[in-house]
Protein chains: 2
Amino acid sequence: MNMQTPPRRGFPAAEFESRVEAAQRMLRAQALDALLLTTEPEFRYFSGFHSDFWLSPTRPWYLLVPLRARPIAIIPEIGAASMRGTWVEDIRTWPSPVPEDDGISLLLAALGEVSVRFGTIGVPMGAETHVRMPLNDFQRLRDGLPGKRFADATSIVRTLRMRKSEAEIDKLRHVCGCVSDAFEAFPKVATAGATEAELFRAFRIELLRCGVDKSPYLVGAAGAGGYRDIIKQPSDAEVVPGDVLIFDTGSVFDGYYSDFDRNFSFGVADPAARSAYDVVYRATDAGLAEVRPGVTTSTLWRTMARVLEEGGSRGDNVGRFGHGLGMQLTEWPSNMPGDETVLQPGMVLTLEPGMVFGDGKLMVHEENLVVREDGYELLSRRAAPEMKVIQ
Amino acid sequence: MNMQTPPRRGFPAAEFESRVEAAQRMLRAQALDALLLTTEPEFRYFSGFHSDFWLSPTRPWYLLVPLRARPIAIIPEIGAASMRGTWVEDIRTWPSPVPEDDGISLLLAALGEVSVRFGTIGVPMGAETHVRMPLNDFQRLRDGLPGKRFADATSIVRTLRMRKSEAEIDKLRHVCGCVSDAFEAFPKVATAGATEAELFRAFRIELLRCGVDKSPYLVGAAGAGGYRDIIKQPSDAEVVPGDVLIFDTGSVFDGYYSDFDRNFSFGVADPAARSAYDVVYRATDAGLAEVRPGVTTSTLWRTMARVLEEGGSRGDNVGRFGHGLGMQLTEWPSNMPGDETVLQPGMVLTLEPGMVFGDGKLMVHEENLVVREDGYELLSRRAAPEMKVIQ
């Protein structure tokens, strides 16, 4: 059981100060006047503003991190009360939605104020990013700032967010503990004959009982002797003896995600599935044994790939064996060939080896860990060495 | 109680055929060769592809709706199994993530194939849209298609998605029924002395018990005699007698959202809060009485605003009194001045009047409905005329 007290919600202002100072050092080094952020995790990372309201696509939210001042929030009026509870002091609002000028005049004015030294504004434009504002409005920014440039600033948010603080790790450890509890309790609430949708619902309730705030991500599938799809929504099909079920959940505590899965067999599992489970379990062990500062993500991939290949893997469709984890379900880096990220203490990663076996069935395992000076600390409770059986 | 059987999950292929045919008529009328879609709701609307996997920002997903063929899906290999379960036949995959070419070559080839008649590709670029792909990659599309143009196609997805089919309405009616049940059950599971976070968790469990798949959106706040923020995450503060609590949830069944709230008082509420409740309740009634085809969203706003003003409202910070609802928590249109959308049968809307009272407290109500030939059908079960008291 996850016996610890839940960590305090939020962060002290000092945490945001150090994030912003680190960003400002990188801005100077890259000759950028400011960072313009439009997406939820980046906005929250530098401001502390935390709301589900981002699910509504109606309103844009803008945060500017200038070279030498606290962030400037340019936000819909509906967010002002929440924003005043953060460390951000410069809050500029408009009564959004106003489709003909949804914050663009305010944002242009602020960009004009801050872009005086280099004439260049950083925006994340690279892999795993997008700009959350209407494309027409982004064009209006370009047109409204003649002589200024927008440049890619992905490396700033990527570099900073990859290494977690101890306060962030506390939240991640807590949510991973809650999810471990729920996976251990699941066999008690699951029965063959229930539908996939009913099992998803029972597991979601168990996750909440075990202390997560919510479970934005829950995918899974069951199939005779194995599953063939790991990103599926539940169906109304009954799960029957002989089925192997995977659940993979991204559950959240105070805005920080777990991301790991567990495999269950309803009645005794097919030997091929049990054998694939054993191979992927050993691949995870091999990956874990390799984790320490200085090792690269591609080395982690190769280490796991070797065990899978020797175990008869017929490939995978995921494209990588794990990734970063934190404020989003998946973050940089990727454990894969070509990603040469060097592990550093404080990086939180998933190891997620998987293989195709038999006639196209899948077996995927996943664990969550934080890289430590001397190796790693496991955040998820290690899966059982043999697949759990639900009678 | 919500006595109906849950609707079947998914849609028959005929539903997607008619959506695509309607889009193709609009493409021709706007001299566009194809619609390029990058965001989850649009992708699902035309393809039927339904997965939580969009929560991971790592991989882009592309759907092309050409002038005269079924959609073309250009997607990460991990999505192929799920995609083969849809009506889409032309599925092109790559082993994403590949940051140096994450589907761009495949997408360029497909865009080249389809953009032969007008040389123009439609992309939603207007209000309430964004392009979910790295901005650098969008620039590569522009550069890789010399002589071709990208044009704003917001009006196509806006027009089509605003009017729901009966199969969509069935899902919306079901989820609203489940949430109505959960709100009615909430006083039985809530007690003063619990923290906000504990009440959120208890309510989430109740929502699942009542049949929702999940509750991506749950915001709320409690405060002595009223709340001051309606988009807040839960705190660890205890809710005590005298507090007024609002919960506002976007819960989901098979990918379709409810979006309505309820207000509760712990112990007897302050007379000012009870009076504000009455004003906003009557504003909702006045709005409902106005709903029928031909009326505009700005008329709905004015009708509700008049009752609120007469009742002593000191304004609001939401910017509108309700909005469209369906595959997203909020959709077009907005009930507000300047939005002159004419109501049509099949439009699903929220009415969401709110007011500031006393020293800056808020009172917000919300109901969900579908516009019918002769008026409307309520999807949420109407709130009680007096605020529910939790002892």
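User: What makes the approach of the B:R92 side chain to the side chain of B:D90 a polar contact?

Analyst: In this predicted model, the two side chains come to 2.9 Å. A polar contact is a pair of N or O atoms within 3.5 Å; within protein, one must be able to donate a hydrogen and the other to accept it, and residues adjacent in sequence count only if both atoms are side-chain atoms. The value of 2.9 Å therefore qualifies for B:R92 and B:D90. As to conventions, residues are numbered from 1 along each chain as its sequence is written, chains are lettered from A and ligands numbered from 1 in the order in which they are written, and side-chain values use heavy atoms, with hydrogens and water left out. Because the model is predicted, local features need pLDDT of at least 70 and side-chain atom pairs count only at pLDDT 80 or more, whereas totals for chains, interfaces and linings use all residues.

User: Why is B:R92 called buried?

Analyst: Its relative accessible area is 18%. Buried means under 20%, exposed over 50%, and partly exposed in between (1.4 Å probe, protein chains only), so B:R92 is buried. B:R92 is found in strand β4 (residues 90–94) of chain B and, leaving out residues up to four places away in sequence, touches among others B:I72, B:L106 and B:E113; contact means heavy atoms within 4.5 Å.

User: How do you know whether A:L111 is buried or exposed?

Analyst: A:L111 has a relative accessible area of 0% and is therefore buried. This residue lies in helix α4 (residues 104–114) of chain A; helices are DSSP runs of H or I with at least four residues, strands are runs of E with at least two, and both are numbered from the N terminus. Beyond its neighbours within four places in sequence, A:L111 contacts A:L64, A:I121, A:L141, A:L145 and A:F150.

User: What makes α5(A) roughly perpendicular to α5(B)?

Analyst: The two helices, each spanning residues 135–144, pack at about 90°, with axes 14 Å apart. Angles of 65 to 115 degrees count as roughly perpendicular, under 35 as roughly parallel, over 145 as roughly antiparallel and the rest as oblique, so the pair is roughly perpendicular. A:L135, A:F138 and A:R142 meet B:L135, B:F138 and B:R142 there.

Technical notes:
Axes are lines fitted to C-alpha atoms, for helices over the stretch in contact, and angles run from 0 to 180 degrees between N-to-C directions.
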